Amino acid sequence: MDVDAFAAVHEPEWRRLEELSGQRRLTGPEADELVRLYQSTAGHLSAVRSSAPDPHLVGRLSTLLGQARGRVAGSHELRLADVSRFFVLTLPAAFYRVRWWTVAVMVAWVALAVVVGVYTAGTPAALAQLGTPSQLEDYAQEAFEAYYSNYPAPDFAALVWTNNAWIAAQCIGLGITGVFPVYVLFVNAVGVGQAGAIMAAYGDLGVFFGLILPHGLMELTAIFIAGGTGLKLFWTAVSPGGRTRARALAQEGRSLVTVAVGLVLVLAVSGLVEGFVTPSVLPGWLKLVIGALVLAGYWSYTLVLGRRAVAAGETGDLEEDLAGHTLAQAG
């Protein structure tokens, strides 16, 4: 393809498309013309990319189509109905679709943490590798509990939220590798198992569970959700089903973003519990009740609203105008 000749032939169409895209108001015939020019220019871009990928021309046509798309599809303004739809349909559907991945990750994680904890607590050599007797005793009797009260509650809640949100984002964003989520979950499970072993060795296992469970029930579940979501994306790449691999990854990737946004809110709640409830003077049983209620609230939201949303056809994916779908065309 002679790029210069091609550009010279179609330049009037592109200029007209640019002109129509910039007009504030369009008549009926002008709107029809805009759609026609948009479709033909999209075909021109496809031809240039496949036959003579000139960077300057590709960039120009891509920009022109981006401007025209807003006029063809219409701009999307955030409305109260959109927010309501997200929390009532889109988000619970996304959580619901990864529920079994979440449960599978949870079972594997808990099993590993228990095995590590029991083995470490019952093996003096393994326990000795974690520190000297004085260091372990200081950790069990002071450091572990002090961790939850060294900072003011608001600062600690913000710190925990930021840290856990970052871990969850990495599990989801790098989930397609299939390796990173497994690594993060493995390291986390081993760490918790070893911490429990140290506390048990010095007779403080009750303190361990009393401090970790109120916030940990929801916090760890959020990490399980993130890990399961990332692994689901990896499995989609391996086995896309009846969809093309590119389309399957695009759809699941957008649903994955929905889960990530939801987890920011979930981790904010668990951060508040860890910052204000865990180190508080409330009775231990009441702390556990609060943590259990938060977890029950999440699963009720996911199973009740999520099942209903999925039954109605929701997938957690974005709507077409937000997902960037373009008009189909021949050729």
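These notebook entries record what I looked up in a predicted model.

**Entry 1. Ground rules**

I number residues from 1 along each chain as its sequence is written, and I use heavy atoms for side-chain values, leaving out hydrogens and water. Because the model is predicted, local features need pLDDT of at least 70 and side-chain atom pairs count only at pLDDT 80 or more, while totals for chains, interfaces and linings use all residues.

**Entry 2. Salt bridges**

I began with charged side chains. Side chains of opposite charge can pair when their charged atoms come close. I counted a salt bridge where a side-chain nitrogen of Lys or Arg lies within 4 Å of a carboxyl oxygen of Asp or Glu. How many salt bridges does this rule give? The count comes to five.

I looked up Glu11 and Arg60, whose side chains meet in a salt bridge at 2.8 Å, N to O. Glu11 lies in helix α1 (residues 3-22) and Arg60 in helix α3 (residues 55-73), so this pair ties together parts that are 49 residues apart in sequence. For helices I took DSSP runs of H or I with at least four residues, and for strands runs of E with at least two, numbered from the N terminus.

I then checked accessibility, calling a residue buried under 20% relative accessible area, exposed over 50%, and partly exposed in between (1.4 Å probe, protein chains only). Glu11 counts as buried because its relative accessibility is 17%. Arg60, at 29%, counts as partly exposed.

Next I turned to Glu19 and Arg16, which form a salt bridge at 3.1 Å, N to O. These two residues are three apart in helix α1, so about one helical turn separates them. Glu19 is partly exposed at 44% relative accessibility, and Arg16 is partly exposed at 23%.

I also noted the salt bridge of Glu314 with Arg85, where the closest N and O atoms are 2.4 Å apart. Where do the two partners lie? Glu314 is in the loop between α12 (284-311) and α13 (320-323), and Arg85 is in helix α4, so that the pair links distant parts of the chain, 229 residues apart. Glu314 is buried, with a relative accessible area of 13%, whereas Arg85 is partly exposed at 28%. I recorded one network as well: salt bridges that share partners join Glu11, Arg15 and Arg60.

**Entry 3. Aromatic rings**

A pair of aromatic rings is described by the distance of the centres and the angle of the planes. I paired rings of Phe, Tyr and Trp (its six-membered ring) if their centres lie within 6.5 Å; planes under 30 degrees apart count as stacked, over 60 as edge-to-face and the rest as tilted. The structure holds eight aromatic pairs.

One of them is the tilted pair of Phe6 and Trp14, with 6.3 Å centre to centre and 50° between the planes. Phe6 is buried at 16% relative accessible area, and Trp14 is buried at 0%.

Another pair, Tyr139 and Phe144, is edge-to-face, with centres 5.8 Å apart and planes at 65°. Are its members buried or partly exposed? I found Tyr139 partly exposed at 27% and Phe144 buried at 7%. Ring pairs link Tyr139, Phe144, Phe208 and Phe209 into a cluster.

I also found the charged end of Arg99 over the ring of Tyr96, 3.8 Å from its centre. The rule asks for NZ of Lys or CZ of Arg within 6 Å of the ring centre and within 35 degrees of the ring normal.

**Entry 4. Helix α9**

I looked up the span of helix α9 (residues 180-201), which has 22 residues. From its first C-alpha to its last, α9 reaches 32 Å, close to the 32 Å expected at 1.5 Å a residue; the expected span is 1.5 Å times one less than the number of residues. Its buried residues include Pro181, Val184, Leu185 and Met199. Just after α9, Gly203 takes a positive phi of about 75°.

**Entry 5. Val264**

Val264 is partly exposed, with a relative accessible area of 34%. Val264 and Asn164 are 100 residues apart in sequence, yet 8.9 Å apart in space, C-alpha to C-alpha.
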